[in-house]
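Here is a short report on one protein chain. Look at the model first, then read on.

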Amino acid sequence: MAFAQPFLLCLGFYVVRALYDFYFLPAPRLEVEPSYPVPRGAALLLRCRGAEDSVRYRFYKQALEEALSLEDSCWESATPTLRHANVTARLAGRYRCHYDFHSFWSQLSPPGDVPVADFYEKPFLWATPGLSVPLGHSVTFHCNSSVGLDKFILYHGTPERGFQTLTPQSTDKNKATFPLQGKTEKMNGQYRCYGYMSSEPHFWSAASDILVLSGGGLPPGCRNTVLLHVVMVLATLGGLVPAQPDWVLS
């Protein structure tokens with residue numbers, strides 16, 4: 001009997017290990033909505049996309065510096081979504097999730113960040129040489145803060161159609177520049193910027209006022225090509241038109 005107990009424990013360990021390897025569950029994908037900084041008081045949705053037959057999901061908030069209480073760092077749900085109707089400061093942070101499949105838990109998902117906005121006053125956004133820029137030309141956005149923010153992100157788009165994020169070419173304390181070269185039609189539209197402190201990467205400012213970039217027409221190279229074609233056509237037509245007799249001019 002003295003030999004049987006360690007043997008059974010060892011056998012049980014290998015059985016559990018074999019089952020774990022057999023039911024190896026890939027990590028799910030964590031989706032965060034909205035995909036831009038969430039204003040305080042707005043709604044937040046976390047979605048954990050894993051196996052369709054999963055019966056439980058857990059969402060974890062990672063501790064970046066100090067330890068977190070269980071109440072503020074772990075939520076369990078019977079559905080793949082976790083909703084927070086009223087976002088507060090405690091929800092800002094980095095999250096992971098995993099799912100339960102027949103009593104086996106999957107690997108943890110890659111992290112997803114939830115930045116919360118409205119912790120600082122909105123930065124000031126402006127553009128040079130202006131907001132009406134012909135195609136092919138360049139425009140530079142400037143984002144400036146009066147509260148000492150040292151990180152800035154420029155958002156292009158709308159909440160309904162989604163955003164493209166642009167990182168600055170240069171950043172100084174309180175300001176950043178975002179040069180856009182060779183403007184295209186796709187670059188037209190709404191722009192807004194946010195700022196935050198590098199020491200607190202999930203606490204963001206309010207959004208700046210929205211700027212709308214516009215302007216069309218042909219790029220400089222195309223204009224020159226079109227002008228050359230027009231000149232050649234006129235020259236060709238001029239050579240085809242017969243000279244008028246002198247009596248017509250009299």
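Which pattern do the disulfides of the chain follow, with bonded cysteines counted along the chain? The pattern is 1-2, 3-4. Keep in mind that this is a predicted model.

**The disulfides**

A disulfide is a covalent bond between the sulfur atoms of two cysteines. A search of the whole structure finds 2 disulfides. The table sets them out.

| Disulfide | S to S | Angle about the S-S bond | Handedness |
|---|---|---|---|
| Cys48 to Cys97 | 2.2 Å | 85° | right-handed |
| Cys143 to Cys193 | 2.0 Å | 75° | right-handed |

Start with the link of Cys48 and Cys97, which has 85° about its S-S bond. Cys48 sits in strand S3, residues 44-49, and Cys97 in strand S7, residues 93-101, so the pair ties together parts that are 49 residues apart in sequence. Are these two cysteines buried or exposed? Both Cys48 and Cys97 are buried.

Now take the other link. A disulfide joins Cys143 to Cys193, with 2.0 Å from S to S. This pair links distant parts of the chain. Cys143 belongs to strand S12, residues 139-144. Cys193 belongs to strand S17, residues 189-197.

Another cysteine deserves a look. How exposed is Cys74? Its relative accessible area is 24%. The limit for buried is under 20%, and exposed starts over 50%, so a value in between counts as partly exposed. Cys74 is therefore partly exposed.

**An open sheet**

Next come the strands. In what order do the 4 strands of the open sheet lie? The order is S11-S12-S16-S15, and the pairing is antiparallel. Strand S11 (124-128) and strand S15 (170-172) are the edge strands. Each of them pairs on one side only. On average, neighbouring strands of this sheet are turned by 15° against each other, direction ignored.

Look inside this sheet at S12 and S16. How many bridges join S12 to strand S16? There are 6 bridges, and the two strands run antiparallel. Strand S16 covers residues 175-180. Thr140 stands opposite Pro179 in S16.

**Parallel pairs**

Some strands run parallel. Strand S2, residues 38-39, is joined to strand S10, residues 116-120, by 2 bridges, and the two run parallel. Here Val38 stands opposite Val116 in S10. S10 has another parallel partner in strand S18, residues 200-205, again with 2 bridges. Which residue in S18 is the bridge partner of Tyr120? Ser205 is that partner.

**A buried aspartate**

Finish with Asp100. Where does Asp100 lie? It lies in strand S7, the strand that also holds Cys97. Asp100 has 3% relative accessibility, so Asp100 counts as buried. The side chain of Asp100 reaches the backbone nitrogen of Phe104 at 3.3 Å. Which residues does Asp100 touch, not counting those up to four places away in sequence? They are Ser54, Val55, Arg56 and Trp105.

Definitions and conventions. Residues are numbered from 1 along each chain as its sequence is written. This is a predicted model: local features need pLDDT of at least 70, side-chain atom pairs count only at pLDDT 80 or more; totals for chains, interfaces and linings use all residues. Side-chain values use heavy atoms; hydrogens and water are left out. A disulfide is a pair of cysteine sulfur atoms within 2.5 Å. Buried means under 20% relative accessible area, exposed over 50%, partly exposed in between (1.4 Å probe, protein chains only). Two strands pair if DSSP finds at least two bridges between them. Axes are lines fitted to C-alpha atoms, for helices over the stretch in contact, and angles run from 0 to 180 degrees between N-to-C directions. A polar contact is a pair of N or O atoms within 3.5 Å; within protein, one must be able to donate a hydrogen and the other to accept it, and residues adjacent in sequence count only if both atoms are side-chain atoms. Contact means heavy atoms within 4.5 Å.
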